[in-house]
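Subject: Structure handover

Hello,

Here is the structure for your files. My notes on it follow below.

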Amino acid sequence: MHYPIGLLFDLLASSSALPWNITVHFKSFPEKDLLHCPSKDAIEAHFMSCMKEADALKHKSQVINEMQKKDHKQLWMGLQNDRFDQFWAINRKLMEYPAEENGFRYIPFRIYQTTTERPFIQKLFRPVAADGQVHTLGDLLKEVCPSAVDPED
């Protein structure tokens, strides 16, 4: 299974200093250990797919669908070239929500597990309860992973 980079850092190098040096192999890599990625274009396509999925959960795909191709490219190039201002100029739109909506519709999350046959739990979670009460991370954990939360809290 291929894990997200943040999870790998937590599992393998959490005592290391940041930034964590990462080498991305496009050729001559250990194919038995790594998922083959045919090109930079494939990485960009995967990134944009993830952005579209997140926007669908947060905004019913309205933001990403209103963007032009040049906006998608600017988002990707800002990330690829470590240009925060370039990236944030577009990403900011994906992080905003109308005040009348009281926040995002859902917050997508995935919890990785090492102790079960299911490698992760993935679920949509509403940030606000039906009664208007704002949910916390503790509320999320109590719902999906009650054994991980101290009942005294």
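Which side chain meets that of Arg92 in a salt bridge? The partner is Glu96, at 3.3 Å from N to O; a salt bridge here is a side-chain nitrogen of Lys or Arg within 4 Å of a carboxyl oxygen of Asp or Glu. Arg92 is partly exposed at 35% relative accessible area, and Glu96 is partly exposed at 41%. Buried means under 20% relative accessible area, exposed over 50%, and partly exposed in between, with a 1.4 Å probe and protein chains only.

Before the rest, the conventions. The model is predicted, so local features need pLDDT of at least 70 and side-chain atom pairs count only at pLDDT 80 or more, while totals for chains, interfaces and linings use all residues. Residues are numbered from 1 along each chain as its sequence is written, and side-chain values use heavy atoms, with hydrogens and water left out.

Overall layout

The chain has six helices and two strands, in the order α-α-α-α-α-β-β-α from the N terminus. Both kinds of element are DSSP runs numbered from the N terminus: helices are H or I with at least four residues, strands are E with at least two. Of the 153 residues, 25% are buried. The accessible surface of the chain is about 11,500 Å², and carbon and sulfur atoms hold 54% of that surface; areas come from the Shrake-Rupley method with a 1.4 Å probe, and for residues only the protein chains shown count as cover. Taking contacts (heavy atoms within 4.5 Å) between residues at least 6 apart in sequence, 35% join residues at least 24 apart.

Helix α5 and the cores

Helix α5 spans residues 84–95, and its buried residues are Phe87, Ile90, Asn91 and Leu94. Seen down the helix axis, these residues fall within an arc of 100°, so they line one face of α5; the arc is that of the directions from the axis to the C-beta atoms. They pack against α2 (40–59), α3 (62–66) and α4 (69–80).

The largest nonpolar core has 11 residues, including Phe47, Val63, Trp76 and Phe87. Such a core is a set of buried Ala, Val, Leu, Ile, Met, Phe, Trp, Tyr and Cys residues joined through side-chain atoms within 4.5 Å. Helices α2, α3, α4 and α5 each give two or more residues to this core. A second, separate core has seven residues, among them Phe109, Ile111, Ile121 and Cys145.

Leu75 belongs to the largest core. Leaving out residues up to four places away in sequence, Leu75 touches Phe47, Met48, Met51, Phe87, Ile90, Asn91 and Leu94.

Other salt bridges

The whole structure has four salt bridges. In one of them, Glu44 pairs with Lys73, with the closest N and O atoms 3.1 Å apart. This pair links helix α2 to helix α4 across 29 residues. Glu44 is buried at 12%, whereas Lys73 is partly exposed at 36%.

Glu143 pairs with Lys123, the closest N and O atoms being 2.1 Å apart. Glu143 lies in helix α6 (residues 137–144) and Lys123 in strand β2 (residues 120–125), 20 residues apart. Glu143 is partly exposed at 44%, and Lys123 is partly exposed at 33%.

Surface patch

Ile5, Ile22, Val24 and Ile43 make a nonpolar surface patch of about 340 Å². Patches are made of residues with over 30% relative accessible area and no salt bridge, like charges being joined within 9 Å and nonpolar side chains (Val, Leu, Ile, Met, Phe, Trp, Tyr) within 5 Å. Ile5 is in helix α1 (residues 5–12) and is partly exposed at 46%.

Regards
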